[in-house]
Amino acid sequence: MHFKDGFRNIMTKGSITKNLIMFAVPLFLGQLLQQLYSIVDSVVVGNVLGKEALAAVSTTGSLIFLMVGFINGLFMGNSVIIGKSYGAQDNKEVSKATHTGIAFAILMGIAMTVFGYFFTPILLRWMGTPSDVMDNSVLYFKIYFLGGLGNILYSACCGVFQAVGDSKRPLYYLVVSTVINTVLDIAFVKYLGFGIGGAALATIIAQFISALLAFVKLMKVDGPHRIYLNKLRMDMNLLGKELKIGIPTGIQNSVIAIGNVVVQSNINAFGSEAMAGCGSYSKLEGFVFLPITCICMALTTFVSQNLGAGEIKRVRKGAVIGSAIGVGSAELIGVAVFAYAPVFLRMFSSEPAVLAIGTTQARTESLFFFLLALSHCLAGIFRGAGKTTVPMIVMLSSWCLLRITYITIIVRLIPVVNVIFWAYPLTWSVSAIIFVIYYFKGKWIRAL
């Protein structure tokens with residue numbers, strides 16, 4: 001099989017810093033646009049429909065991340081295998097992995113839609129969602145998960161692009177879909193009176209559009225990752241290898257979400273003002289994750305491609321450079337959040353009680369963002385090397401078990417919402433220390 005463009009191997013040659021930044025910048029812009037999906041929902045809902053509706057949107061966030069995070073994590077194995085094969089210039093394996101991953105994404109997207117739609121009320125009751133926001137939460141959640149196929153398919157297509165070093169095309173599609181989401185959000189909620197369901201409907205329409213654009217492009221690219229409909233099937237042997245890498249990442253994402261669900265359940269007990277305040281902060285904090293997430297994704301692709309190409313020294317050097325970029329950018333943003341939290345949070349609600357709670361959470365956590373960044377960057381490096389079990393275990397022990405234990409005990413002893421916020425810096429510190437120790441052992445470098 002011959003492709004005109006051949007292999008670019010953009011992550012295996014040239015300046016490491018430049019490669020990481022050039023790869024991460026389009027990812028950053030794309031993640032920024034994805035954040036705008038939920039931001040627009042919250043801004044429109046909070047200002048047009050009020051704090052109860054904003055609380056309803058906020059309380060669904062952890063559950064959405066729980067389900068979407070697990071399934072998206074599964075595709076990390078697909079991206080790692082594609083990246084490794086791309087670095088090794090194995091056309092056949094790249095093609096096979098691409099078709100297997102996309103076929104699996106379609107299956108999982110349908111499964112998530114069905115599960116999310118029918119189990120919504122049960123999941124929200126488990127979280128202890130207050131009765132005054134339950135109806136709106138159920139409606140938003142059900143409509144949102146009708147777009148499950150679009151959400152998962154888009155993520156899988158982006159994973160293919162990113163594995164071969166292309167982080168620009170997903171950005172182009174997101175620009176289009178974000179504009180559509182914003183226009184429809186305002187139209188459905190403010191002018192057509194569709195209520196909270198209109199915000200969810202606007203989001204899933206935008207998700208399907210971005211998925212369609214990405215899928216169609218993969219059918220037209222001139223490279224080993226091109227999709228052919230007649231080859232769209234799962235190679236069970238290769239799928240097994242992908243899941244061996246991807247399942248621990250999916251569990252890791254779910255572990256984080258489970259810990260957040262427990263946190264959210266405790267926040268819910270303090271009423272709708274606490275829910276709205278913490279929900280507003282969580283939207284703001286999403287922006288902090290952007291540079292961290294993008295550097296992590298760049299590091300995962302960098303490590304997988306370079307290990308595939310046998311560039312061990314380059315992997316070690318890139319790991320240090322990428323982690324430094326992630327930690328530095330996260331802390332700069334943390335300082336800005338600490339200083340200007342009330343100004344940022346006023347985008348979502350102007351009610352004094354809501355602002356006070358959101359500001360307290362922001363100023364409790366923001367100066368510790370460097371620990372969060374270090375944990376994510378090192379986890380991204382290990383995933384790129386195929387070592388996904390270690391991040392899973394660390395996250396399970398620190399970001400789930402320790403977090404849940406802390407909250408369960410401390411909230412009973414000191415029943416104020418402020419003590420919940422300290423669960424995050426505490427668990428970020430523990431995970432960062434463990435990851436640093438594992439990094440210097442060096443065993444992860446031989447994973448591929």
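In the predicted model, the largest nonpolar core comprises 66 residues, and those with the most contacts inside this core are Ile381, Phe382, Ile420 and Trp444. Helix α9, spanning residues 272-308, gives the most to this core, contributing 15 residues. In soluble globular proteins, nonpolar side chains tend to be buried together. When neighbours within four places in sequence are set aside, the contacts of Phe382 are with Lys387, Thr388, Pro391, Phe435, Tyr438, Tyr439 and Trp444. Another core lies apart from the largest one; it has 58 residues, including Met76, Met112, Ile152 and Val221.

The cysteines were examined for disulfides. A disulfide is a covalent bond between the sulfur atoms of two cysteines, and the assignment required a pair of cysteine sulfur atoms within 2.5 Å. By this rule, zero disulfides are counted. Cys157 is buried, its relative accessible area being 0%. The closest cysteine sulfur to that of Cys157 belongs to Cys158 and lies 7.1 Å away, so the two are too far apart for a bond. Cys377 is likewise buried, with a relative accessible area of 0%.

The average pLDDT of the protein is 84, and 92% of the residues score at least 70. Over residues 1-9, by contrast, the pLDDT is below 50. In the model, this stretch has 23 contacts beyond near neighbours in sequence.

How values were computed:
Residues are numbered from 1 along each chain as its sequence is written. This is a predicted model: local features need pLDDT of at least 70, side-chain atom pairs count only at pLDDT 80 or more; totals for chains, interfaces and linings use all residues. Side-chain values use heavy atoms; hydrogens and water are left out. Buried means under 20% relative accessible area, exposed over 50%, partly exposed in between (1.4 Å probe, protein chains only). pLDDT is the predictor's confidence in each residue, from 0 to 100. Contact means heavy atoms within 4.5 Å. A nonpolar core is a set of buried Ala, Val, Leu, Ile, Met, Phe, Trp, Tyr and Cys residues joined through side-chain atoms within 4.5 Å. Helices (H or I, at least four residues) and strands (E, at least two) are DSSP runs, numbered from the N terminus.
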